[in-house]
Amino acid sequence: MAGASVNRVVSPGPLHCLKAILEKEGPRSLFRGLGPNLVGVAPSRAIYFAAYSNCKEKLNGVFDPDSTQVHMASAAMAGIYCTFLPRKE
């Protein structure tokens, strides 16, 4: 098979795909499915930020107020809390 050529398929880039979607389906199609996604994500993010804020208030008394340690520990604790929060499945 010496000298055999390989035909490579070049996929269109993201801008070409965006242009094709806008031409064929319109701008509203870019946001299809956003509503249900936000309904699912918003409560989780609210719980995360509530846990983060609560941890931050408590840790400001332990470490230097608003220090890097406070932010890092608060974020870690909020992440752990959201990960192990009991869920109905």
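This report describes the fold, surface and selected residues of one predicted protein model.

## Basis of the model

The model is predicted: local features need pLDDT of at least 70, side-chain atom pairs count only at pLDDT 80 or more, and totals for chains, interfaces and linings use all residues. Residues are numbered from 1 along each chain as its sequence is written, and side-chain values use heavy atoms, with hydrogens and water left out.

## Overall fold

The protein chain has three helices and zero strands. Read from the N terminus, its elements run α-α-α. Helices (H or I, at least four residues) and strands (E, at least two) are DSSP runs, numbered from the N terminus.

The radius of gyration of the protein chain is 24 Å, whereas a compact globule of 89 residues would have one near 12 Å. This radius is taken over C-alpha atoms, and the globule rule is 2.2 Å times the number of residues to the power 0.38. The C-alpha trace spans about 70 × 40 × 30 Å along its principal axes.

## Contacts, surface and charge

Of the contacts in the protein chain with a separation of 6 or more, 32% join residues 24 or more positions apart. Contact means heavy atoms within 4.5 Å.

Buried residues make up 13% of the 89 residues. Buried means under 20% relative accessible area, exposed over 50%, and partly exposed in between (1.4 Å probe, protein chains only). The protein chain exposes about 7700 Å², with 63% of it supplied by carbon and sulfur atoms. These areas come from the Shrake-Rupley method with a 1.4 Å probe; for residues, only the protein chains shown count as cover.

The side chains include 10 positive and 6 negative ones, and the centres of the two sets lie 10 Å apart. Lys and Arg count as positive and Asp and Glu as negative; His and the chain ends are not counted. Each charge is placed at NZ of Lys, CZ of Arg, CG of Asp or CD of Glu.

Helix α1 covers residues 14-25, twelve in number. Its first and last C-alpha atoms are 16 Å apart, close to the 16 Å expected at 1.5 Å a residue. The expected span is 1.5 Å times one less than the number of residues. Just after α1, Gly26 takes a positive phi of about 90 degrees.

Asp66 sits in the loop between α2 (34-59) and α3. Its phi is also positive, near 55 degrees, in a residue other than glycine.

Arg45 lies in helix α2. Arg45 is partly exposed because its relative accessibility is 39%.

Ser74 belongs to helix α3 (residues 68-84). Ser74 is buried, with a relative accessible area of 0%. Not counting residues up to four places away in sequence, Ser74 touches Tyr52, Cys55, Lys56 and Leu59.
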